[in-house]
Amino acid sequence: MRQFIGPNQMMAYLVMMAARLVELQRVLKPTGSIYLHCDPTASHYLKVVMDCIFGAENFKSEIVWRRQSAHSDSRRYGSVHDILLFFSKSEDYIWIDQYQAYDDDYVEQYYRYRDESGRRFMSGDLGAAGLQGGGYNYEWKGIVRTWRVPITTMQRLESENRIFYTRNGIPRIKRFLDEAKGMPMQDIWPDLESLRSWHAERLGYPTQKPVALLERILNASSNPGDVVLDPFAGCGTTIDAAQKLGRRWIGIDITHLSIALLKYRLENTHGLSAGKEYAIVGEPVDYTGALQLAQDDRYQFQWWALSLIRAKPQGGSAGSKQGKKGADGGVDGVLVFEDEAGGKANRALVQVKSGHVNAATIRDLIGTVNNEKAAIGILITLEEPSQPMKTAAAAAGFYHSPGWNVDYPRIQILTVNDLLTGRAQARHPSMNISFKQAARAQKDGLQPGLGLE
Ligand SMILES: C[S@@+](CC[C@H](N)C(=O)[O-])C[C@H]1O[C@@H](n2cnc3c(N)ncnc32)[C@H](O)[C@@H]1O
């Protein structure tokens, strides 16, 4: 492949994926399946890679997910679909039939009748002609025949108003559309729109998938209690669906932003807390780990540190390495809270420092808070603050929240150590609305949403 693709971005991506797919094949159970989502620019290459790793005989479906009904692309056909490659590990894979709604034409053609209340039904034979295993001979409304149900069933159907009579007086059964399972699921999925800004479930993560897409996959290929692994978890749609459907799960992501989003989503949607119902592996748990992360990648450190107080990162975008500085030159995150009964919001600006800090850092923060007309300024620092820093922060006084009638320190210094050990936390009016919150899961189905808005 390298010979014909060449040493370019696509090749780099395929190499990255191939290494992971080999491991995913290794850890997959014989009864398991893998679904790989990709766009049509890479799906043909990935299918070759998957054929090599999983075996062409284990290829099951190429699903066309029609994300939207129309897209205007210049000088080519509107691009509205993505591809899901479905492979099993072996022939013993779990498969649970899924159904989709009949299309309108089918309904028009077959569900031609309506009962008195308007329910659509198709007419089904009650005669046993051609039925293997014979039937039941008796007289029904003057007609002597071999019927496919015993007379007691016929009587019940009659009492339930499930029989209608043709012009010739022949009884036929009503098969109601609203009781039909539907059509076995096909490999074009046109009914799951990708998330748009106005969808309640949307969290602001650029590649977020609809939960219904993942639910369909999990329902078809796993049973409750099974383990679901998403090695590119993003804002956690698979994990959310797995939790909702009673599966166990493992999510992996390379960015701390994604881990933070996942944490909020699990808490907001399912009431789960990290360290209690589930564990996070790979986040710093002490000063040394935090220092290591800061040295490895300061943007990752920033995202992680902001997640300790649930602040929303400012500038840069999810998944990008480049956290851009805002025009004010030093705000890394923001916390938005509702400050008054009327819903008036106010902000705390957050700066994260992994390097040296001094009193000038505090003076800058005060300047930024004033310029931005924010309520509170928070410094998260890896290094312990000096006495002059503490004095400068204390001199900034308090912010009085009119809604809660509480005074909060206007400038707050929080060390990573204190946050990790729970000795300190950000102080601001509650009802943090920085992140778009995921709706709580309801027993009758949920529409989650959470994230960067
Ligand atoms: C397409 S998004 C997943 C979105 C997800 N399906 C959802 O609906 O929330 C891909 C994710 O993979 C993560 N990622 C990229 N390279 C990775 C790697 N090598 N290991 C783990 N995660 C990675 C990115 O940080 C990003 O969050």
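A crossing of two helices is termed right-handed if the near helix is turned clockwise from the far one by less than a right angle. In the predicted model described here, the crossing of α11 and α12 is of this right-handed kind. Two packed helices are described by the angle between their axes and the distance between the axes. For helix α11, spanning residues 359-371, and helix α12, spanning residues 387-395, the angle is about 20 degrees and the axes lie 8 Å apart. Angles under 35 degrees count as roughly parallel, and α11 and α12 are therefore roughly parallel to each other. On the α11 side the contact involves Ala359, Thr361, Ile362 and Arg363, which meet Pro388, Met389, Ala392 and Ala393 of α12. By class, this contact of α11 with α12 comprises 6 nonpolar residues, 1 polar residue and 1 charged residue.

Helix α6, formed by residues 211-221, is mostly covered, with 8 of its 11 residues buried. The buried positions are Val211, Leu213, Leu214, Glu215, Arg216, Ile217, Leu218 and Ser221. The elements that cover these buried residues of α6 include the strands β1 (33-38), β2 (59-66) and β13 (227-230), together with helix α7 (237-244).

The ligand is surrounded by 16 residues, of which Thr207, Lys209, Phe232, Gly234 and Thr237 are the closest. The shell around the ligand divides into 8 polar, 6 nonpolar and 2 charged residues.

Ala128 is located in the loop between β6 (120-125) and β7 (136-140). Because 17 C-beta neighbours lie inside 10 Å, Ala128 counts as partly exposed. Apart from residues up to four places away in sequence, Ala128 touches Gly134, Gly135, Thr146, Trp147 and Arg148. Ala128 and Trp147 are 19 residues apart along the chain, yet their C-alpha atoms are separated by 4.8 Å.

Most residues other than glycine have a negative phi. Arg75, in the loop between β2 and β3 (81-88), has a positive phi, near 55 degrees. Arg75 has 4 other C-beta atoms within 10 Å and is therefore exposed. A positive phi, of about 60 degrees, is likewise found at Arg310, which is not a glycine. Arg310 is placed in the loop between α10 (298-308) and β15 (312-313). With 17 C-beta neighbours inside 10 Å, Arg310 is classed as partly exposed.

Terms used
Residues numbered from 1 in each chain as written. Predicted model: local features only at pLDDT ≥ 70, side-chain atom pairs only at ≥ 80, totals over all residues. Near = placed C-beta within 6 Å. Nonpolar A, V, L, I, M, F, W, Y, C, P; charged D, E, K, R; others polar. Axes fitted to C-alpha atoms, helices over the stretch in contact; angles between N-to-C directions. Helix = DSSP H or I, 4+ residues; strand = E, 2+ residues; numbered from the N terminus. Parallel < 35°, antiparallel > 145°, perpendicular 65-115°, else oblique. Contact = placed C-beta atoms within 7 Å. Buried ≥ 20, exposed ≤ 12 C-beta atoms within 10 Å, placed from the backbone.
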